[in-house]
Amino acid sequence: MPRTVLLGSIKHESHTFNRFPTSFALIRRQGRREGAAVVQAHRDTGSEMAGFLDVAEAMGWHFTTPIAMNATSGGRVAADAFAGALATLEAGIRAAGRLDGILLALHGAMAAEGEDDADGAILDRVRRLVGHDVPIAATLDLHANVSDRMAANANILISYRTNPHVDQRETAHRAARLLARAMDSRVLPISVVERAPTLVGFDRGRTHTGHGPMIDALAEADRLERDEPGVLAVSVNGGYSHADMLDAGPSVIVTGEGDAAVLRRHAATLMRMGYERRAEETVRLVTIPEAIAAMREGPFPCIVADYTDAPGGGAYGDATPMLRAMIEAGLTNTAFGAIFDPKAAAIACAAGEGAKLHLSLGGWIDPEFSGAPIEAEVEVRKVSDGAYVHDGAYAPGTRASFGPSALVRVGGIDVIVATENKNILDLQQFRIFGLDPARLTAIGLKCMHGFRAAFEPIAARVLSCDAGGLTTYDYGRLGYTRVRRPVWPLDAV
Ligand SMILES: [Zn+2]
């Protein structure tokens with residue numbers, strides 16, 4: 001008799017210092033589907049759900065897809081949106097009747113209003129519903145903050161191994177294959193997690209530089225998987241430091257069979273390495289003057305990430321200091337993507353292509369992190385519905401949208417003004433406005449790491465700039481009250 005497996009996805013990275021809850025309306029706009037629509041939306045994408053479907057179909061499983069939910073990082077998920085997602089998942093489990101296995105794609109650093117450990121709450125709920133004999137497997141972003149409750153309620157937990165995250169579908173394959181194994185075996189695997197008193201470690205999960213603590217940890221993870229009996233999977237998590245929750249920070253998960261104490265010892269040994277090398281980072285953030293000098297001097301195209309106002313890290317996306325410096329420097333043949341400013345986008349769209357007008361750009365959320373608005377005379381170069389489809393290495397096939405948006409020229413710089421706060425991950429996000437990133441002299445963009453997958457191949461120089469936004473490393477500015485203490489670098493440990 002074929003297996004019946006539930007495939008689900010509930011993903012959000014929640015920046016708990018972002019003052020806006022991530023609302024149900026926003027989630028529904030950006031990506032929330034139920035039932036057959038889940039399959040339709042994900043099949044030909046680089047997502048975990050596509051990976052789940054690959055294996056489910058290859059294995060001939062019956063499957064049900066009650067929910068897939070994903071939204072750009074931001075404030076805590078609104079209480080009603082979280083309760084709704086849980087209810088939909090629960091209804092899917094009840095409607096399925098007998099289930100042989102559960103496959104979930106989670107982020108691992110989701111917080112909801114009233115629930116710091118939302119991923120733990122999801123896994124706990126599912127476990128209560130299906131009991132202890134049904135294996136549960138979940139994939140995680142390597143920026144997960146992994147709680148004991150998550151590990152205790154999942155048999156299999158597997159994190160991405162790349163950052164930028166180009167292995168989402170492959171990670172799902174790994175999880176699904178381990179679930180298949182678990183459904184066929186009499187003893188279910190377990191997962192254990194180890195953390196350390198630090199908010200950061202493993203080079204924040206960076207792998208694109210090809211060296212550093214994360215690369216070394218993954219090599220050791222490979223060795224453990226290959227050589228150690230009972231070890232099925234080792235996941236190294238850089239953690240997500242912008243969450244004020246008890247277990248924020250890096251972790252190591254070991255999934256395996258046999259003695260939990262042995263698995264735990266492997267996790268602890270690897271975590272100790274991450275802790276000892278916690279200050280070691282392969283990317284240095286440059287200052288704004290350094291960024292401007294690079295954009296002037298090349299080599300070109302020179303791409304600078306506005307790293308500390310990254311929508312993908314939960315920042316507001318309306319910060320102006322870096323763009324303001326670019327305008328003041330008089331750069332030309334240069335683009336900036338994107339300023340999240342629904343009001344400015346609406347005004348520019350209404351004015352239409354070719355219009356020249358005064359516009360207030362960005363800086364409308366929190367001047368402490370976003371700077372003041374840029375007051376400028378602009379020309380509207382292009383108006384768009386903002387929709388794009390990734391065709392690069394990062395989550396190819398993904399459909400997303402800036403919402404109604406405009407390309408406006410300020411001095412010599414073409415600036416994308418967006419209604420939705422979107423990370424820059426793909427060249428198509430510029431191309432839909434008629435810009436060819438490879439032909440530009442310089443580009444400023446809001447993202448931490450993810451852009452590198454698509455943009456490094458066309459760039460002559462890539463830098464990341466600290467312009468003081470909400471995804472700052474200056475943790476003392478944020479005001480933690482809930483994370484365990486002592487914890488580095490808030491405390492000397
Ligand atoms: Zn991540």
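The model is predicted.

- Asp 141 sits in the loop between strand S6 (136-140) and helix H6 (148-153), and His 165 in the loop between strand S7 (156-159) and helix H7 (168-184), so the pair links parts 24 residues apart in sequence.
- Both Asp 141 and His 165 are buried.

**Leu 53**
- Leu 53 belongs to helix H3 (residues 48-59).
- Leu 53 is buried because its relative accessibility is 1%, below the 20% cut-off.
- Beyond its neighbours within four places in sequence, Leu 53 contacts Leu 7, Val 39, Arg 43 and Phe 63.

**Backbone exceptions**
- Most residues other than glycine have a negative phi, and most peptide bonds are trans.
- Gly 298 and Pro 299 are joined by a cis peptide bond with omega about 0°; Pro 299 lies in the loop between helix H10 (288-297) and strand S11 (302-306).
- A cis bond also runs from Arg 485 to Pro 486, with omega near -5°; Pro 486 is in the segment after strand S20 (461-465).
- Asp 203 has a positive phi near 55°; Asp 203 is in the loop between strand S8 (190-195) and helix H8 (213-227) and is buried at 1% relative accessibility.
- Asn 333 has a positive phi of about 50°; Asn 333 lies in the loop between helix H11 (321-328) and strand S12 (334-340) and is partly exposed, with a relative accessible area of 40%.

Technical notes:
Residues are numbered from 1 along each chain as its sequence is written. This is a predicted model: local features need pLDDT of at least 70, side-chain atom pairs count only at pLDDT 80 or more; totals for chains, interfaces and linings use all residues. Side-chain values use heavy atoms; hydrogens and water are left out. Helices (H or I, at least four residues) and strands (E, at least two) are DSSP runs, numbered from the N terminus. Buried means under 20% relative accessible area, exposed over 50%, partly exposed in between (1.4 Å probe, protein chains only). Contact means heavy atoms within 4.5 Å.
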